[in-house]
Amino acid sequence: MNYGFKPLVEAAIKNDKQVIVRSNLTIYFVDGFSDIPEYFAKHKVRVVASLPCYLADNVDKMRGNGVFDASVKALQWLNQLGYGKAGDLILDLVYNPQLPTSENFALTPNQVNLEQDYKKFLQDNFDVVFNNLFAITNLPVGRTKFYLERTKLYQPYLHFLESNFNPVTVENLMCRDQLSIDYLGNVYDCDFNQMMNIPATTRSGETITVAKLLEAGNLNLIGEVQTANYCYGCTAGSGSSCGGSLL
Ligand code: SF4
């Protein structure tokens with residue numbers, strides 16, 4: 001919905017960058033946005049779309065009534081344009097676990113098995129195909145944190161994540177080779193730190209902007225990754241990142 005969206009996509013493509021858009025599926029049915037699927041296909045944008053479950057009831061409970069049906073229609077539309085079928089039109093889906101309602105927490109399910117279940121169910125029932133499923137853990141930040149605090153599950157959930165710390169995930173954490181940039185050009189180690197307003201800093205604690213990185217010509221300005229208690233969400237079990245499981 002941002003007026004700068006299309007210019008940003010086109011500038012990135014002009015500079016030979018791969019463009020990945022984390023896309024809301026239901027927006028394609030809102031007045032003024034029905035050209036988006038064709039626009040994506042024309043520019044070969046890789047689409048990553050949230051579908052927190054392949055069962056209608058669960059999705060509607062999490063996202064609102066009618067969201068599942070609209071999402072399936074949107075996926076069928078993308079398939080008609082070649083998404084999930086043609087090699088250069090990639091369509092990925094994102095699974096998020098439901099928010100816990102008690103202290104019976106569970107780790108994010110195995111991504112490979114879950115992807116097979118999604119593929120079979122969506123193909124058999126709706127003739128929908130897609131490329132990859134990313135299983136992403138709910139990190140206790142933003143609205144999830146508010147929810148957990150309200151239900152008195154915040155501390156127990158943090159403890160659960162910490163007790164499932166898996167050191168093997170650390171090498172693959174997304175903050176080790178990706179950055180998040182806000183619209184003012186401020187740099188963060190990841191989008192969670194951006195959400196929590198914890199900027200990337202130099203060794204002396206100075207905040208970093210894109211302009212400073214460009215001036216330096218490298219990334220060595222960044223001292224070390226800023227960590228917080230929610231980092232245990234990225235390192236629990238098989239790990240989690242914007243590309244799903246880390247293992
Ligand atoms: S939340 Fe922590 S571990 Fe996860 S990507 Fe951000 S800095 Fe890295």
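## Around the ligand

The ligand sits among Leu-139, Leu-173, Met-174, Cys-175, Cys-190, Phe-192, Asn-193, Val-225, Gln-226, Tyr-230, Cys-231 and Cys-234, where being near a molecule takes a heavy atom within 4 Å of it. That shell splits into 10 nonpolar residues, 2 polar and no charged. Here Ala, Val, Leu, Ile, Met, Phe, Trp, Tyr, Cys and Pro count as nonpolar, Asp, Glu, Lys and Arg as charged, and the others, Gly among them, as polar.

A word on the model: it is predicted, so local features need pLDDT of at least 70 and side-chain atom pairs pLDDT 80 or more, while totals for chains, interfaces and linings use all residues. Residues are numbered from 1 along each chain as its sequence is written, and side-chain values use heavy atoms, with hydrogens and water left out.

## The enclosed cavity

How many cavities of 30 Å³ or more are there? The count is 1. A cavity, on a 1 Å grid over the protein atoms alone, is a set of points where a 1.4 Å probe fits but cannot get out, and lining residues have an atom within 4 Å of a point. The largest cavity has a volume of about 70 Å³, a volume being the space filled by probe spheres set on the points, with grid points joined across faces, edges and corners.

Its lining is made of Leu-107, Thr-108, Pro-109, Gln-111, Ala-135, Thr-137, Ala-236, Gly-237, Ser-238, Gly-239, Ser-240 and Ser-245. By type, that gives 4 nonpolar, 8 polar and no charged. Why does the largest cavity lie between domain 1 (1-136) and domain 2 (165-238)? Because both domains give residues to its lining; the domain bounds come from an automatic or database domain assignment.

## The second largest pocket

Next, an open space. A pocket is an open set of grid points with protein on both sides within 12 Å along at least five of seven lines. The second largest pocket holds about 330 Å³ of space. Its lining has 23 residues, and Tyr-95, Pro-97, Gln-98, Pro-100 and Ala-106 lie nearest its centre. Helices here are DSSP runs (H or I, at least four residues), numbered from the N terminus along with strands (E, at least two). The lining of the second largest pocket comes out as 14 nonpolar, 9 polar and no charged.

## Helices α3 and α4

In α3 (residues 56-63), the buried residues are Asn-58, Val-59 and Asp-60; buried means under 20% relative accessible area, exposed over 50%, and partly exposed in between (1.4 Å probe, protein chains only). Part of their cover comes from α4 (67-80). After α3 comes Gly-64, with a positive phi near 120°.

Val-67 is in α4 and counts as buried because its relative accessibility is 18%. Outside the four places either side in sequence, Val-67 touches Thr-26, Val-59 and Asp-60, contact being heavy atoms within 4.5 Å. From Val-67 to Ser-240, it's 173 residues in sequence and 25 Å in space, C-alpha to C-alpha. Asn-79, also placed in helix α4, is buried at 3% relative accessibility. Beyond neighbours within four places in sequence, Asn-79 is in contact with Lys-85, Leu-91, Asp-127, Val-128 and Val-129.

## A buried loop residue

Thr-202 is found in the loop between α8 (191-195) and α9 (210-216). Is Thr-202 buried or exposed? Thr-202 counts as buried, because its relative accessibility is 13%. Leaving out residues up to four places away in sequence, Thr-202 touches Ile-208, Leu-221 and Gly-223.
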